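Colleague: I have not seen this structure before. Please take me through it, one question at a time.

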Number of protein chains: 2
Amino acid sequence: MNRSATIEDVARAAGVSRQTVSNVLNTPAIVRESTRDRVQDAIRRLGYAPHASARRLRTRRSSTIGVHLDPYAGGISGVVLDRFVHALTEHAGDRGLRVMLYAARTPEEEIRRMADLRDGGDIDAVVVTGTFSGDPRTAWLRENAVPFVSFGRPWGEDDFSRPDHLWVDVDGAAGTAQATWHAQQSAGARVAFLGWPAGSGTGDDRERGWLAGMPDDGPRVRLTAPESVARAREEVAAALAVHDIDAIVCASDSLAVGAHLAAVTGGRPDLTIIGFDNTPAAEALGLPSVEQLPEDVAAGVLELLMGDSAVITPRVVEAGAAHVLVEPRLIVR
Amino acid sequence: MNRSATIEDVARAAGVSRQTVSNVLNTPAIVRESTRDRVQDAIRRLGYAPHASARRLRTRRSSTIGVHLDPYAGGISGVVLDRFVHALTEHAGDRGLRVMLYAARTPEEEIRRMADLRDGGDIDAVVVTGTFSGDPRTAWLRENAVPFVSFGRPWGEDDFSRPDHLWVDVDGAAGTAQATWHAQQSAGARVAFLGWPAGSGTGDDRERGWLAGMPDDGPRVRLTAPESVARAREEVAAALAVHDIDAIVCASDSLAVGAHLAAVTGGRPDLTIIGFDNTPAAEALGLPSVEQLPEDVAAGVLELLMGDSAVITPRVVEAGAAHVLVEPRLIVR
DNA sequence: CGGGCGTATTTGAACGATCAAATTGTGGAA
DNA sequence: TTCCACAATTTGATCGTTCAAATACGCCCG
């Protein structure tokens with residue numbers, strides 16, 4: 001095959017005009033059945049595939065979504081993003097969309113990249129991850145009317161009331177509540193929580209779930225460590241010497257691994273410890289963990305972006321339908 | 001901003017013709033300096049960005065490489081692939097290339113996807129991962145003259161002599177040799193190897209490195225388990241009861257985690273165990289591991305694909321320069 | 001048998017860029 | 001002064017597709 005066939009070649013082969021071939025591809029319903037068959041046969045014979053760039057130029061639509069790939073932070077939760085991107089790619093393919101990656105080290109550089117890709121007609125929507133309160137990226141996207149969905153809520157005052165920021169997130173509180181319940185039933189009432197220092201939206205949310213799962217009376221042990229196995233281990237080792245604890249629910253698998261190590265060396269190898277993210281590390285150590293279901297998040301993102309439509313348009317969504325909270329699932333081990 | 005500016009708008013604003021603007025962008029050397037400045041000023045003022053699809057249609061070049069995302073690619077674990085894709089995206093951006101993802105569940109589906117993307121003018125080249133002997137994907141790519149580079153050698157008879165299959169790989173043998181050396185010096189002469197069942201190219205390669213690092217005389221303990229923490233644990237537990245072992249070099253971090261658990265419960269918590277891939281699991285447990293340096297692999301892939309050229313062309317490479325072996329690095333913990 | 005209507009198909013133009021060839025301008029040698 | 005070589009710039013054509021409008025074809029009704 002020297003040069004791939006064009007729509008003109010197909011038209012000639014089928015004895016029809018360009019536009020009829022185009023109609024067979026895009027609006028088959030308006031073409032008479034006998035003609036349609038003849039054209040489809042010619043398409044198959046010639047191995048014709050429409051030239052995507054030509055189509056994009058004419059329609060001014062790229063059918064491509066841009067995804068920012070976070071720099072590898074060295075942390076465990078990279079796996080969640082990895083699975084999310086994978087699932088997004090699969091679902092997007094099913095809906096006739098392509099996924100284009102871009103890299104950036106700072107929010108400012110990310111905005112520049114998004115602008116380039118948008119202006120160049122390369123993408124017509126963006127998926128952003130790791131949004132935070134006052135995020136300049138989402139502000140830019142709104143101002144420039146670029147359709148977008150974020151994985152993660154904005155963590156502002158009015159997350160649920162703003163239909164101009166579509167987002168999908170995992171219900172962290174529901175996850176830790178499940179974990180807390182399970183721990184109470186299988187280990188005992190005294191369930192501690194090991195979280196990050198207060199102030200991160202995600203962390204505070206996960207702590208809320210633990211609080212909600214605990215009975216209103218009774219003691220509550222709350223431990224804090226930064227996202228580090230070693231620091232978590234120290235904190236838990238110290239706490240075990242002071243408090244009576246049946247189980248620990250953790251805000252992340254890293255923290256859980258640290259807690260596990262402290263428990264083993266502290267003579268409590270049977271202590272129930274539940275992590276969050278269900279990373280390979282938790283799986284390897286046999287720790288239960290809350291699974292984020294990134295596949296469901298990806299499906300939600302595309303649903304918000306496109307709805308039932310086959311193309312991406314700047315959508316105006318009713319206030320109630322602008323957000324998706326995915327219920328995570330506890331993996332018991 | 002209603003509709004983004006075109007090259008015609010810029011030309012009008014700068015008082016020159018379309019083509020001169022195009023030259024400023026693509027071959028600045030042939031434009032007089034004063035004219036160039038005037039045009040560049042107009043570009044800035046209007047916020048002009050060339051429309052990528054129009055350019056692609058005309059040049060018949062997409063400046064985009066396709067990457068298959070497969071979480072379970074043979075021999076390349078999730079984190080390594082993740083970092084590789086990220087580094088590839090960054091380097092590609094620096095060279096003016098874009099990265100497009102595609103998903104597929106089987107080699108056949110992958111070929112179909114590649115064909116669609118290629119025929120549609122969406123991608124000029126492909127990066128494939130996890131190649132194996134007799135891989136239908138590479139055969140298809142060669143037949144259809146699609147430029148490609150693989151992360152991973154083909155594991156055939158003549159990997160190094162075929163300039164029609166460009167590849168970059170990590171020198172697994174060098175990695176396990178380093179690990180074996182280190183283990184001998186820090187733990188003792190009796191270094192065992194825990195690998196996968198024979199037959200996988202990657203696994204056999206890593207075993208070779210261990211053999212090469214061991215003295216010619218003396219006992220050699222070789223253990224085998226599939227890629228599973230639990231199975232590795234069983235094998236090592238059994239072996240520790242029989243053999244005198246100072247250290248274990250493993251073909252993967254999963255195997256290493258299993259070995260670690262066996263060592264701890266078997267009363268040898270201090271046994272030196274070295275993994276491969278430097279995943280978060282190894283980091284969390286404080287196990288040394290061989291780091292693959294996916295960033296170097298990504299750089300090598302682009303170097304093979306493009307050389308010094310600014311565009312991707314079906315390259316004919318001299319026999320010696322068609323392959324890159326990246327030397328991995330032992331992370332001591 | 002002419003007119004009107006609805007369906008099926010064709011035609012010309014446009015999307016925004018680059019290529020190839022033509023044109024203009026400039027200085028130097030004959 | 002004339003002519004040529006060379007650099008700088010412009011013009012017309014083209015890439016492959018879809019949009020919008022025009023045309024062809026039946027068919028029914030009065």
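Colleague: By class, how many nonpolar, polar and charged residues has the surface near DNA strand D?
Modeller: This is a predicted model: local features need pLDDT of at least 70, side-chain atom pairs count only at pLDDT 80 or more, and totals for chains, interfaces and linings use all residues. Residues are numbered from 1 along each chain as its sequence is written, and chains are lettered from A and ligands numbered from 1 in the order in which they are written. Near means a C-beta atom, placed from the backbone, within 6 Å; Ala, Val, Leu, Ile, Met, Phe, Trp, Tyr, Cys and Pro count as nonpolar, Asp, Glu, Lys and Arg as charged, and the others, Gly among them, as polar. The surface near DNA strand D has nine nonpolar, ten polar and seven charged residues.

Colleague: Which residues come nearest to DNA strand D?
Modeller: There are 26 residues around DNA strand D. Those that come nearest are Ile7(A), Ser22(A), Ser17(B), Gln19(B) and Thr35(B).

Colleague: Which residues come nearest to DNA strand C?
Modeller: By class, the surface near DNA strand C has nine nonpolar, ten polar and six charged residues. Of the 25 residues around DNA strand C, the nearest are Ser17(A), Thr35(A), Thr6(B), Ile7(B) and Ser22(B).

Colleague: Which element gives the most to the side of chain B that touches chain A?
Modeller: Contact means C-beta atoms, placed from the backbone, within 7 Å. The contact takes 38 residues from chain B and 40 residues from chain A. Helices (H or I, at least four residues) and strands (E, at least two) are DSSP runs, numbered from the N terminus. With nine residues, the element that gives the most to the side of chain B is H5(B).

Colleague: In E2(B), what is the bridge partner of Met100(A)?
Modeller: Strand E2 (residues 98-103) of chain A pairs with E2(B) in the antiparallel sense, over three bridges. Pairing needs at least two bridges found by DSSP. In E2(B), the partner of Met100(A) is Met100(B).

Colleague: Is H6(A) roughly parallel or roughly antiparallel to H7(A)?
Modeller: Pro107(A), Glu110(A) and Ile111(A) in H6(A) meet Pro136(A), Arg137(A) and Trp140(A) in H7(A). The axes of helix H6 (residues 107-119) and helix H7 (residues 136-143) of chain A come within 9 Å and cross at roughly 25°. Angles under 35 degrees count as roughly parallel. So H6(A) and H7(A) are roughly parallel.

Methods: Two residues are in contact if their C-beta atoms, placed from the backbone, lie within 7 Å. Axes are lines fitted to C-alpha atoms, for helices over the stretch in contact, and angles run from 0 to 180 degrees between N-to-C directions. Angles under 35 degrees count as roughly parallel, over 145 as roughly antiparallel, 65 to 115 as roughly perpendicular and the rest as oblique.
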